[in-house]
Amino acid sequence: MAQPHVQTLAQPLAHGQPLAHGQPLAHGFADPVHEGQAVFRAAMEALSRPGRLLPLVTTLMPPAPLTPELAALALALADADTPVWLDAPLRTDPAVAGFLRFHTGAPIVAEPAQAAFALIADPGRCPAFTAFAQGSPAYPDASATLVLAVAALSDETGLAFEGPGIRGTARLDAAPLPADWPSRLAHNHAGFPQGLDLLFVAAGRLAALPRSARPLAPEA
């Protein structure tokens with residue numbers, strides 16, 4: 001995972017400050033430092049305990065289709081040194097990019113391979129993992145972290161995983177996801193220490209699958 005930074009540059013929005021096209025810009029964290037640190041810690045805990053569901057509570061009301069949970073992670077993890085890529089739904093409304101630029105200072109990049117963080121509102125159409133930066137043997141942390149907003153997230157069903165931070169095995173199920181998701185995860189782990197780290201958000205919840213999590217073959 002590209003080393004994240006707690007967002008400290010963003011300030012509470014001056015009331016009614018407009019975007020360039022005249023629409024009001026949605027507020028960021030009311031307390032950027034403390035709220036950003038709380039979300040950052042939640043993300044780090046999720047990555048250190050793969051498959052475990054954690055609460056992610058936020059009062060953010062970002063422009064749709066950017067969900068409050070996607071917005072919270074972006075504001076906590078991104079800054080001027082962490083390029084962000086947006087999937088097609090998030091690129092539809094310029095207000096999304098405007099919100100992220102204002103509150104994080106992060107550059108919005110055109111290509112997945114340029115991104116340190118990728119925000120994905122339509123995970124069922126997530127690009128191939130090979131489209132994103134994988135890091136290198138010398139700099140495995142120069143890879144991308146994908147943040148996927150899913151409709152369903154459970155630690156009671158789904159693929160089983162083992163690895164660092166997992167006692168025995170853990171399960172994680174999310175939907176919607178591409179049909180080839182299991183093979184993507186297997187190839188992602190096979191490239192360790194290179195590869196992608198994955199964060200999943202649903203309404204009020206967060207889970208993660210770092211590249212160190214090894215998916216187990218389903219029992220026959």
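How exposed is D122, as a relative accessible area? D122 is partly exposed at 25%, where partly exposed lies between buried (under 20% relative accessible area) and exposed (over 50%), with a 1.4 Å probe and protein chains only.

## Basis of the model

This is a predicted model, in which local features need pLDDT of at least 70, side-chain atom pairs count only at pLDDT 80 or more, and totals for chains, interfaces and linings use all residues. Residues are numbered from 1 along each chain as its sequence is written, and side-chain values use heavy atoms, with hydrogens and water left out.

## The chain as a whole

The chain has five helices and 10 strands. Of the 220 residues, 47% are buried.

The accessible surface is about 10200 Å², and carbon and sulfur atoms account for 58% of that surface. Areas come from the Shrake-Rupley method with a 1.4 Å probe; for residues, only the protein chains shown count as cover. A contact means heavy atoms within 4.5 Å. Of the contacts between residues at least 6 apart in sequence, 70% join residues at least 24 apart.

## The three-stranded sheet

Three strands form an open sheet in the order β7-β6-β10, with antiparallel pairing. Strands β7 (170–175) and β10 (214–215) are the edges, each pairing on one side only. Two strands are taken as paired if DSSP finds at least two bridges between them.

Strand β6 covers residues 152–162 and is joined to β7 by six bridges in the antiparallel sense. Across this pairing, F161 faces A170 of β7.

## Aromatic pairs

A pair of aromatic rings is described by the distance of the centres and the angle of the planes. Here rings of Phe, Tyr and Trp (its six-membered ring) pair if their centres lie within 6.5 Å; planes under 30 degrees apart are stacked, over 60 edge-to-face, and the rest tilted. The structure holds three such pairs. W85 and F132 make an edge-to-face pair, because their planes stand at 75 degrees, with the ring centres 5.8 Å apart. This pair links distant parts of the chain, 47 residues apart: W85 is in strand β2 (residues 84–86), and F132 is in the loop between β4 (117–120) and β5 (145–149). W85 is buried at 5% relative accessible area, and F132 is buried at 2%.

W181 and F200 are also paired edge-to-face, at 6.2 Å centre to centre and 75 degrees between the planes. W181 lies in helix α5 (residues 181–190) and F200 in strand β8 (residues 197–202), distant parts of the chain 19 residues apart. Both W181 and F200 are buried. Together with F129, W181 and F200 form one aromatic cluster.

## Salt bridges

Side chains of opposite charge can pair when their charged atoms come close. With a salt bridge taken as a side-chain nitrogen of Lys or Arg within 4 Å of a carboxyl oxygen of Asp or Glu, the count is five. Among them is E45 with R49, with the closest N and O atoms 3.7 Å apart. E45 is partly exposed at 33%, and R49 is partly exposed at 36%. Another joins D122 to R125 at 3.9 Å between the closest N and O atoms; R125 is exposed at 72%.

R211 and D197 form a salt bridge with closest N and O atoms 3.1 Å apart. It links distant parts of the chain, 14 residues apart, with R211 in the loop between β9 (205–209) and β10, and D197 in strand β8. R211 and D197 are both buried.

Key: Helix = DSSP H or I, 4+ residues; strand = E, 2+ residues; numbered from the N terminus.
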